[in-house]
Amino acid sequence: MKQLKGQSGQERVGVYVCHCGSNIAGVVDVQQVAEWAAERLERRGVVIARDYRFMCSSLGQELIEKDIKELGLTRIVVAACSPHLHEQTFRIACQRAGLNPYLCELVSIREQNSWVHEDKNAATEKAKAIVSGGVERVLWHEPLEPLHVPIHPATLVVGGGIAGIQAALEIADAGFPVYLVEREPSIGGHMAQFDKTFPTLDCAACILTPRMVSVGTHPHITMLTWSEVTDVQGYVGNFTVTVRKKARYIKTDLCTGCGICQEKCPKKVLDEDFEAGLGYRKAIYTPFPQAVPKYPVIDGSNCTYFQKGTCRACEKFCPTGAIDFEQQDELLTLQVGNIILATGFDLLDARRIAQYGYGRLANVFTSLEFERLSNAAGPTDGNIVLRDGVTTPRTVGIIHCAGSRDRNFNNYCSAICCMQSLKFAHLVKERTGATVYNFYIDIRTPAKAYDEFYQRVLEEGTIFVRGRVAEVTDAARLPGEENRLIIQVEDTLAGLQRRIPVDMVILSVSLQPRWDAKEVAKRFGISCSSDGWIIEKHPKLDPIATMTEGVFAVGCAQGPKDIPSSVAQGAAAAARVLARIQQQEIALEPVRASVEESRCSGCRICNNLCPFNAILFHEDRMVSEINAALCQGCGTCVAACPAGAISGTVFSNEQILSQIEGLLLLNQSEPTQAEMVTA
Amino acid sequence: MSANNKPKFAMYWASGCGGCEIAVLNIHEKILDVDANFEVVFWPVAMDAKYKDVEALPDGAITLTLFNGGIRNSENEALARLLRRKSQILVAFGSCACEGCIPGLANLSTRESIFEAAYASISTDNPAGTQPQVTWNAPEGELHIPEFHPVLRTLDQIVPVDYYMPGCPPESRQIAIVIDLVLQALRGEAALPPPGSVIGAGQSTVCDECPRVRNLKTIKRFTRIQALGSIDPKLCLLEQGIPCNGPATCSGCGALCPKAGAQCIGCYGPAQDVLDYGARLLSAFASVIDGKDPSEIERVLDTLPDAVGQIYRFSLAGSLLRASKSVLVEDEEKHHAAHQY
């Protein structure tokens, strides 16, 4: 077995142990750690070791800078918090003092030590080991330079819901080109299906459609509806995106959007998408009257001509000859510098919550069905009626958290259901005067003017029952329950079981990731949580970026969100993209993997492992190569390469193994033995 | 082989099969160069020699020693230390000396179970149940035989080694190249590689020398080559589900096995600078398994026949693991006992 030769003696190392107030110093004897490092690691090159209250403060950083200049330090080890938080801080401090920033190593004695241990002596000993590992590791660091790549000024926005619309408009208004790709025939997303928006009860269409129109007419926005991204290659600043533009069977340059085709089409189709299964559309259709673009699409799987070969009614009646049955899907190749994903959410299939009877009991509705039912432009013209289409309910039960906060379905809170259910209660009350029960676990109304809305609904006389509904049934047991839906619930405030007969039940169904979210994430080289939501770069400090440079995720694609938050995220991502475009180039972290060509046998083990598609195989030379700009330094290929031909900067074998030796305090033994090279 | 001022050469066979000795002879007429340029002072297979003759040499007197075989017993160990002391260049020659090779697989078994298998299993005719004893009082006096260590060690786990020459056995072509290099170096016409280097091998892995066609790999199951009805003669064996060790094995053999339609079993050891052959190989295999969910990956890995034999056939003793836990414990106890006396 090999023993690695440390490079002690050649480097001058400074060790800085942070108290982090009492976060670290409360558990670890930081002074002892610093003194230990100064004495016991002196032979390993440590020339100074200090402890300080807040290393990340200006004064703390100045301490390092001063030592670099005065003591001629060539390597820095800071023992503090996670590199995620302050690695950049200390690197920049080094840079200010004229030391290459990558010659600094931040080791965590907070997250991995003081926060997880109670035994102070053991934690102090562990901190020493961690510092020792950091010192051994930093000896192998090399000065690195960031990679600079140019930024293409165009941006791809995927998803034409409110978050995507906001992002697209912000960027286009600043004068830069945007491609907005939408899977459905029209932009607008879920918001276009709503009637009112909480808490102000603005008409959704009134505030959304002007934005949609702006997108449709914007000189800098290329709108690609009825289209999907099929492939993404490249890296931040230089993505090449392939978009499949599905055949609409409409010549959009001739179509005026007059709607005659939709009137004349003889084929009625249940509209499962926009009308949530409550209404009908034709085989040639625009999902709703204010659709943008105005052009319809022909749904080939339902069109009589496509299925049976005759009909062509739309073609006959079209006044401008805009129908084209021969149209084919088109593949477009786009060059963009940044990508914003705003792909939205799906609703949990309410049929899965068998005890609530959706799909089995006619008058159990989903939240989206109710949105359409209450929408003035919806299938009932806004009349809130039972499934028979005529009867107005006298009693309505609204069930919060249907499938949310439930280990059988989704563990998380869907965030919007409380406010949505309060809105429903208000609308039912306002339109029908019915008695309304809201069944909730907790009421969560934390945003601006939300709790005031809750108070308003309370005052309107909605009855709130705290408890998770056990069952919705039509099996009458008591007088007054016949021909009604009975909600069985434990009222946890009253402390009793209740059976409440109602005419209509509305389920505030859990939001969940798009059915193809994981596939989409893979296509864009980003990752999803186990739930399927896109993972943001940092949940607090970088909530719209992803771990892949140049790819942002906004709105419900990364978790349940209300409209204001989705809009704010869309705008935030736009601001980030605009800043990038203005800079014209971006400096990338030089933490990259590279292939040593002479060692690569071209075995191709690594070829399909890279989550960022950074590995190319050269058939002619039979070697693999890593595109440095695409590589994110994740190390997957480094671990997989059986020939050891791939190495990762900052994570070389020497760096990792010597850190282990340091952690195990093997560097404490006599120099002759530790430095013996037996290779 | 008369005594003269030619550089001195030695070759020693420790715990190994002897194939390395044959491989040296298999260099054909090149062996005459050895004889012409070296004085062979110690080579038990080729000529009579006594340990005391070697002991009598001044330290560093032997220019080049090729040491094959692992360190299985006290005699192997004593000779390793002796030859280290007497040699300027000590080469761990062949897989056993480099990384333990097949004898190293015995590191999975305790001494007791090894003796059991060797002296008491059904294939052994040993009615008296005789087992080796370190000392024995024979009528002629007390006899000693070498003590069998609990753990087989590689040469460099006992003494510092200058060069490693992998292979089971090293290819004769490579041996000839190395001998030429040493001769040139002795004449001052070439520089020897830095100490610790692997010599007589390639820079890359067996795939580099393998002519089979390679595609993107996804493995749905592993299977033994003999269990397949037919194999594609042109396609990468690993892609056909045959656990070929080529991707992780140091090049230099010329991909003899895959060219002949058999999978590489890894006798040339790890690629240069790879610390643990089996870990690398397993990591590579695991990386190309077709499956995302852990149970599926586990199912595919379970189809890998004889996992230890597959990934550590030649390198267990030299790996980070070295031996099974019970064997290491036994070894530890022996050392502990030795210190007490």
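Tutor: Two residues are in contact if their C-beta atoms, placed from the backbone, lie within 7 Å. The model is a predicted one, in which local features need pLDDT of at least 70 and side-chain atom pairs count only at pLDDT 80 or more, while totals for chains, interfaces and linings use all residues. Residues are numbered from 1 along each chain as its sequence is written, and chains are lettered from A and ligands numbered from 1 in the order in which they are written.

Student: How many residues does the contact take from chain B and from chain A?

Tutor: By that definition, 29 residues of chain B and 22 residues of chain A take part. The side of chain B that touches chain A has 13 nonpolar, 10 polar and 6 charged residues. Here Ala, Val, Leu, Ile, Met, Phe, Trp, Tyr, Cys and Pro count as nonpolar, Asp, Glu, Lys and Arg as charged, and the others, Gly among them, as polar.

Student: What is the mean pLDDT of chain B?

Tutor: pLDDT is the predictor's confidence in each residue, from 0 to 100. For chain B the mean is 92, and 98% of its residues reach 70 or more. The model as a whole scores ipTM 0.85 and pTM 0.70.

Student: Why are strands E10 and E29 of chain A said to stand at the edges?

Tutor: Helices (H or I, at least four residues) and strands (E, at least two) are DSSP runs, numbered from the N terminus. Two strands pair if DSSP finds at least two bridges between them. The open sheet of 5 strands in chain A has the order E10-E7-E6-E18-E29, with parallel pairing. Strand E10 (221-224) and strand E29 (551-553) of chain A each have a single partner strand, so one side of each is left without a neighbour in the sheet.

Student: What makes E7 and E10 of chain A a pair?

Tutor: The criterion is at least two bridges, and 4 bridges join strand E7 (residues 178-181) of chain A to E10(A), running parallel. A:Val178 stands opposite A:Ile221 in E10(A).

Student: What share of the residues of chain A counts as buried?

Tutor: A residue is buried if 20 or more other C-beta atoms lie within 10 Å of its own, exposed if 12 or fewer, and partly exposed in between, with C-beta atoms placed from the backbone. Of the 679 residues of chain A, 49% count as buried. The secondary structure of chain A comprises 18 helices and 34 strands.
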